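Here's a quick briefing to read alongside the model. Have the sequence and the 3D view open as you go.

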Amino acid sequence: MNDDGNRLRKVFSGGNEYRLTRFVILRLLGFVYAVAFLVAAQQIVPLIGEHGLTPGTHFLTRLESDLGSRTTGMLQLPTLFWFGISDHALTVFSWIGFALSLVVLAGYANAIILAILWAMYMSIVHIGQIWYGYGWETQLLETGFLSIFLCPLLDLRPFPSRPPPILVIWLFRWLGFRIMIGAGLIKLRGDPCWRDLTCLYYHYETQPIPNPISRYLHFAPHWFHKFETAWNHFIELIVPWFSFGPRHVRHVAGVLLVTFQVILIASGNLSFLNYVTIIPLLACFDDTFWRQILPALLVRRMREEEPSRIHFGVSVALSALVAYLSIAPVTNLISNRQLMNFSFDPLNLVNTYGAFGSVGKERDEIIFEGTDDAVITGDTRWKEYEFKAKPGDPNRRSPFIAPYQPRLDWQIWFAAMASPADYPWTLHFVWRLLHNDLGTLSLLANNPFPKSPPHYIRARLYRYHFAPLGDRAWWRREPIDEWLPALSIQDEEFRRILGAMGWLD
């Protein structure tokens, strides 16, 4: 009985070994939230505002109609914007989220602030449509939800008197495990190039938005790419199991897992995916690790205190909820028909993840061009629109832009693999360019027609390859086909399609 009591007390007070871990987790979470809300503040209105490319009001109206009532819509897709949505509300909402994120980043967090941030970001994700259809959005929501339970309800201090519940630390490890294993399994079940170790022959060139380092990695020897791919499988499929092991084993696993994410950050512009992935991986480390690397001033502020019994009881209930909600994600993981980046509950509390189950072998890019000629002839001069980050001008170097995400650039990358019929919002995008819409133009790097709108816009498909190292150009490209014919505001078929979509304004 005494042994059982001692073990129970050890579990109850185990959070005292993770005070510094909590401090680091919350600082990184505040940073990721800040980036996410900053992206929303700068892009959400031209994307889903009243005159956005896919207006959020239209989306909610369709959803309410399809589901039969607003109440059902609220239950299926919870978002605060059911109570009202406007461009002003979207902007103010996003900036408030950004300000609260900075408070957390500065070291001041409690359960209330983190719950507000979680609810606010979920509200944005749930009306974000294709612009927010990425795995790291639900990953941030799941991470943010768990983080609520790391903190006291009211105590805002960077080093509150109560330690984090040890069960929540274990839930973070469970999240990190599912992220990594999901990513590894989707690769083995997906593109054959992951199994024959050749995917990285192509990945650096064909990923959504390469950075300057991507070009150098692309031209590395094939033996190096094969080693990288094998190492990727080892990190994603083998190492995560050791995150549940004894202290020294966990620390080694944590170092390998976090280092792997840092390498991914350096190799391409993958939004805040790798940053938010690092957060649950930090739960591999206890305070004996952080005492070796954090400033002594921080370490000295740690004091061992008795945990809150109420907080511990809440963490037990949370663990039971996560265990129940994990049934569907675990079933998905062991299924031969594994889904990638899927939510099984309306609040995105426990999800399944994965990345790059398939890898493109060629890089095709859509280049939008305009002309102010009234009549198109063989001598018509077309001017290209440049995007903020995706390849365009072959002489333009790929930027470092992550963890910031230019969401339009990412969706253009997907659209290049399909047709305009699969991405009808591209027609609305052209319509906006034909009117020199300031919101739409804010998503681009340039406006070739600053004085008056163009008369025609067209889109052409090019195939891009990295220019050899030493070449002054960054890319080489060759035209493939027309992606969209030249369109003008007088085009009747164009206007008919826009009218049917509710975009003719």
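Setting aside neighbours within four places in sequence, G15 is in contact (heavy atoms within 4.5 Å) with P163, P164 and I166. This is a predicted model, so local features need pLDDT of at least 70 and side-chain atom pairs count only at pLDDT 80 or more, while totals for chains, interfaces and linings use all residues. Numbering starts from 1 along each chain as its sequence is written, and side-chain values use heavy atoms, with hydrogens and water left out.

**Around G15**
- You'll find G15 in the loop between α1 (2-13) and α2; helices here are DSSP runs of H or I, at least four residues, numbered from the N terminus.
- G15 is buried, at a relative accessible area of 1%; buried means under 20%, exposed over 50% and partly exposed in between, with a 1.4 Å probe and protein chains only.
- F312 sits 297 residues away from G15 in sequence, but the C-alpha to C-alpha distance is 9.7 Å.

**α2 against α14**
- The axes of α2 and helix α14 (residues 273-281) come within 9 Å and cross at roughly 160°; axes are lines fitted to C-alpha atoms over the stretch in contact, with angles from 0 to 180 degrees between N-to-C directions.
- That crossing makes α2 roughly antiparallel to α14, a label for angles over 145 degrees.
- On the α2 side, I25, L28, L29, F31 and V32 meet Y275, V276, I278 and I279 of α14.
- The residues of this contact split into 9 nonpolar, no polar and no charged; Ala, Val, Leu, Ile, Met, Phe, Trp, Tyr, Cys and Pro count as nonpolar, Asp, Glu, Lys and Arg as charged, and the others, Gly among them, as polar.

**Nonpolar cores**
- The largest nonpolar core has 123 residues, and Y121, F272, F368 and L408 touch the most other members; a core is a set of buried Ala, Val, Leu, Ile, Met, Phe, Trp, Tyr and Cys residues joined through side-chain atoms within 4.5 Å.
- Helix α2 (residues 19-48) supplies the largest share of this core, 17 residues.
- A second, separate core of 7 residues includes C193, W194, L200 and L217.
- Not counting residues up to four places away in sequence, F368 touches a list including Y385, F387, I412, F429 and L484.

**Around L256**
- L256 belongs to helix α13 (residues 247-267) and is partly exposed, with a relative accessible area of 27%.
- Beyond its neighbours within four places in sequence, L256 is in contact with W231, I235 and V239.
- I235 is 21 residues from L256 in sequence and 7.2 Å away in space, C-alpha to C-alpha.

How values were computed. Helix = DSSP H or I, 4+ residues; strand = E, 2+ residues; numbered from the N terminus. Parallel < 35°, antiparallel > 145°, perpendicular 65-115°, else oblique.
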